[in-house]
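Student: Please give me a close look at one part, the ligand surroundings. Then set that part against the rest of the chain.

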Amino acid sequence: MDKNISFTLKVWRQRGPKEKGHFDSFQMKDIPGDTSFLEMMDILNEQLVEEGKEPIVFDHDCREGICGMCSMYINGHPHGPATAVTTCQIYMRRFNDGDTITVEPWRSAGFPVIRDLMVDRGAYDKIMQAGGYVSINTGGIPDANAIPIAKKDADEAMDAAACIGCGACVAACKNGSAMLFVSAKVSQLAILPQGKVEAARRAKAMLSKMDELGFGNCTNTRACEAECPKCVSISNIARLNREFISAKLKD
Ligand code: SF4
Ligand code: FES
């Protein structure tokens, strides 16, 4: 059984995208170590509601590392101090009695704050709409083994497809670049025969939308890779750049 901990929680409060924000501090007492981070936020919100105060707005859905909604910047790390997990997969036993835990929203021009810890990640949807799909007419469903795919290619495509679109890569990047996200989405299709045909066009369209939406450029700091909860590799960015150059040469 994990020990209970008491700590100070500093949370970013902001009433809207154009409002000035500030930190509110809360004294959290005797929180069991096996409480998840989001459950701890639920406990705080229940207290706030009981006291007639505004609960803290934050995004969540699956609470099991799948949906990518729980975008919290905890103690200077997107998704908190643990590696390869999302905010919803962090448990309070990771923190110490007497700690101060600071929680902020993603901070990026591409992800404006809606309220408190909730940001608008609709820019990712727009990038996907620009080309993150296969548009060739493939006819009926083929036999599963009709197109042989090398195990290495299947593994690489699956690793890229692990991206949950959470936005931690953008939040971690000093340039606010979405290159890791875009490269994962381009790679998961470009490696497979069905997606290869449109790979160059797709890379060009998605990168151009990324630029248009105000995300920055990649300068290879690898902060995105270090903070990605799904361990998406920056080798995907090299593939994205190759596809982009290929599209430019075709132009
Ligand atoms: S690449 Fe990683 S950090 Fe970026 S959106 Fe995908 S899962 Fe999140
Ligand atoms: S709530 Fe779905 S990944 Fe955290």
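**The ligand shell and beyond**

Tutor: Around ligand 1, the shell comprises 10 nonpolar, two polar and no charged residues (Ala, Val, Leu, Ile, Met, Phe, Trp, Tyr, Cys and Pro count as nonpolar; Asp, Glu, Lys and Arg as charged; the others, Gly among them, as polar). The model is predicted: local features need pLDDT of at least 70, side-chain atom pairs need 80 or more, and totals for chains, interfaces and linings use all residues. Residues count from 1 along each chain as written, chains are lettered from A and ligands numbered from 1 in written order, and side-chain values use heavy atoms, without hydrogens and water.

The shell includes Cys163, Cys166, Cys169 and Cys228. Tyr124, Leu180 and Val232 are also among its members. Membership needs a heavy atom within 4 Å.

Now the domains. An automatic or database assignment sets their bounds: domain 1 is 4-104, domain 2 is 122-250. Domain 1 gives 12 residues to the contact and domain 2 gives 11 (heavy atoms within 4.5 Å). Their C-alpha centres are 30 Å apart.

On domain 1, the side touching domain 2 has six nonpolar, six polar and no charged residues.

The structure as a whole holds 15 salt bridges. In one of them, the side chains of Glu54 and Arg115 meet at 3.2 Å, N to O. Glu54 sits in the loop between helix 1 (37-50) and strand 3 (73-74), and Arg115 in strand 6 (residues 113-115), so the pair ties together parts 61 residues apart in sequence. Helices (H or I, at least four residues) and strands (E, at least two) are DSSP runs, numbered from the N terminus.

Note on methods:
A salt bridge is a side-chain nitrogen of Lys or Arg within 4 Å of a carboxyl oxygen of Asp or Glu.
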